[in-house]
Amino acid sequence: LTKFNPDYYFKSKIPIFYNKEAKCEKIMKFFEEIIYPEDIPIIQEWFGFCLFKKYFIKKSIILFGEKNTGKTVILNILTKFLGEKNIAGISLQRIASKDKFALASLKDKYGNIYDDLSSDDLKDSGGFKIATGGGYITAEHKFGDSFQFMTFAKNIFSTNKIPNVKDINDDAYYERWIPIHCDNQIKKNEQDNFLFEKITTKEEMSGLFNWSLEGLSNLLKKGSFSYDKTSEEIKMIMQRQNNPLIAFVNEV
């Protein structure tokens, strides 16, 4: 740690108490119950990725699956981790359509976190590719001038059905996705309405920060996420999840 110096100007602060000895056993137990073992390192790297003020890997995550599979809780944990003041909540459709007013809210944010994404098709993917590290974004405040900025807000969404894109041959679009399947549906009588409060205590969040720093360290060393699927495989996952015809053709 470096002592504070007024020469450094910080616009934001992560709401975490730093304790280098802290662990996050409850949060880890939750992740192990909700997502597949091979996806846990990706989540660890993603939490660390969100701490870094540069979109140095052109990736976005989409959690998909039926309701009551823990997708929302994952996003809520990330929201508390980064802090509500440090995130935006813009849908994929509005980003893809280059909505200038919506894009303005990405400036100086650590993450763009959007739950329960609509399955409406995307007419264009250009805005999404720019918002995942593709260059300067042009935005505008209402009744104000337009401006440009480089975003570092990492995009993560959750949905029951993944939206399709009009240009299905756009490999660059699919290449930017990490789809994570959540399929462990929790029965109504087994759901804990206070689970989030129990697993996001001050101690747990401190431990989550330490765990996330390990993920960021691994990411910086490797230069890529622990995700080995090709753009063609990602395309197949995303298309078949929202298209019964494609799923039938592939399976039968």
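Phe 248 sits in helix α11, which spans residues 244-251. Helices here are DSSP runs of H or I with at least four residues, numbered from the N terminus. Together with Leu 245, Val 249 and Val 252, Phe 248 makes a nonpolar surface patch of about 460 Å². Patch residues have over 30% relative accessible area and no salt bridge; nonpolar side chains are joined within 5 Å, like charges within 9 Å. Areas come from the Shrake-Rupley method with a 1.4 Å probe.

The model is predicted: local features need pLDDT of at least 70, side-chain atom pairs count only at pLDDT 80 or more, and totals for chains, interfaces and linings use all residues. Residues are numbered from 1 along each chain, and side-chain values use heavy atoms, without hydrogens and water.

Asp 171 belongs to α7.

The whole structure holds seven salt bridges. Each is a side-chain nitrogen of Lys or Arg within 4 Å of a carboxyl oxygen of Asp or Glu. One of them joins Glu 45 and Lys 222 at 2.9 Å, N to O. Glu 45 lies in α2 and Lys 222 in α9, so the pair ties together parts 177 residues apart in sequence. Glu 45 is buried at 2%, whereas Lys 222 is partly exposed at 44%. Salt bridges also link Lys 11, Lys 107 and Asp 108 in a network.

Key:
Helix = DSSP H or I, 4+ residues; strand = E, 2+ residues; numbered from the N terminus. Buried < 20%, exposed > 50% of the residue type's maximum accessible area, 1.4 Å probe, protein only.
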